[in-house]
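Dear colleague,

I am passing on the structure we spoke about, and below it you will find my notes on what turned up. Please read them alongside the coordinates.

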Amino acid sequence: MKQIFERFKLSLLFLVLFFNSLYSQVYNEGIVDENTVYTFEGEDYNEIESKKEMIFSEIKINGSDTEGNVLNNNKITVGKEGIYRITLLSNLPQEEVKEMSYVINLNSKEAFQAKPLDKSGKYYFQIQLKKGDSLSFDVIKGIETGKKGIRNRLEMQFLDPDLIKFIDNH
């Protein structure tokens, strides 16, 4: 009787493992970030002293949170307090990207300068912001204004841990 019970337990364990492996092959589990992404785009720069202010004229919102950020005169005003992931890109020729630096301004004061992280001119960072803070972006060194086809792009995403979910069937 004991032997039959042991075989039954092994058979049951084998069936559970077998069906579990079938389930894992059919269903992928993953993490989905439902945070809203704000995309700001524009062309060229306004030349101000030794800096060139990046022009942003369009805003696109990808997500359901529309109480967020506002674009006004190349400044982005933050809609709610929290941590933001920001990606900045200006599609300049590689020789200009090597020479340039981004200037990140917080509430009309320079917060920091940074070199692009790759040859494409991309730079990204995370920052803690308060509701009502304003951000603007400049470029210094090696940039000519008035060129055709220079596009500025900025993506801004509020990082709310409650909007990052673990789901099935991703």
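To begin with Gly 82: setting aside neighbours within four places in sequence, Gly 82 is in contact (heavy atoms within 4.5 Å) with Ile 127, Gln 128, Leu 129 and Phe 158. Gly 82 is found in strand E8, where helices (H or I, at least four residues) and strands (E, at least two) are DSSP runs numbered from the N terminus. With a relative accessibility of 11%, Gly 82 counts as buried, since buried means under 20% relative accessible area, exposed over 50% and partly exposed in between, using a 1.4 Å probe and protein chains only. Gly 82 and Lys 131 are 49 residues apart in sequence, yet their C-alpha atoms are 8.2 Å apart in space.

Before going further, please note that this is a predicted model, in which local features need pLDDT of at least 70 and side-chain atom pairs count only at pLDDT 80 or more, while totals for chains, interfaces and linings use all residues. Residues are numbered from 1 along each chain as its sequence is written, and side-chain values use heavy atoms, with hydrogens and water left out.

Within E9, two residues deserve a look. Tyr 102, leaving aside neighbours within four places in sequence, is in contact with residues including Met 54, Leu 88, Phe 112, Tyr 123 and Val 139. Ser 101, which also lies in strand E9, is buried at a relative accessible area of 4%, and its contacts beyond four places in sequence include Gln 113, Ala 114, Asp 138 and Val 139.

As for strand pairing (DSSP finds at least two bridges between the two strands), E3 (residues 45–48) and E4 (residues 51–54) pair in the antiparallel sense over four bridges, with Lys 51 of E4 as the bridge partner of Ile 48. Two residues lie between the strands of this hairpin, where Glu 49 takes a positive phi near 55°. E4 is also joined by two bridges to E12 (residues 134–140), the two running antiparallel, and there Lys 52 has Val 139 of E12 as its bridge partner.

Best wishes
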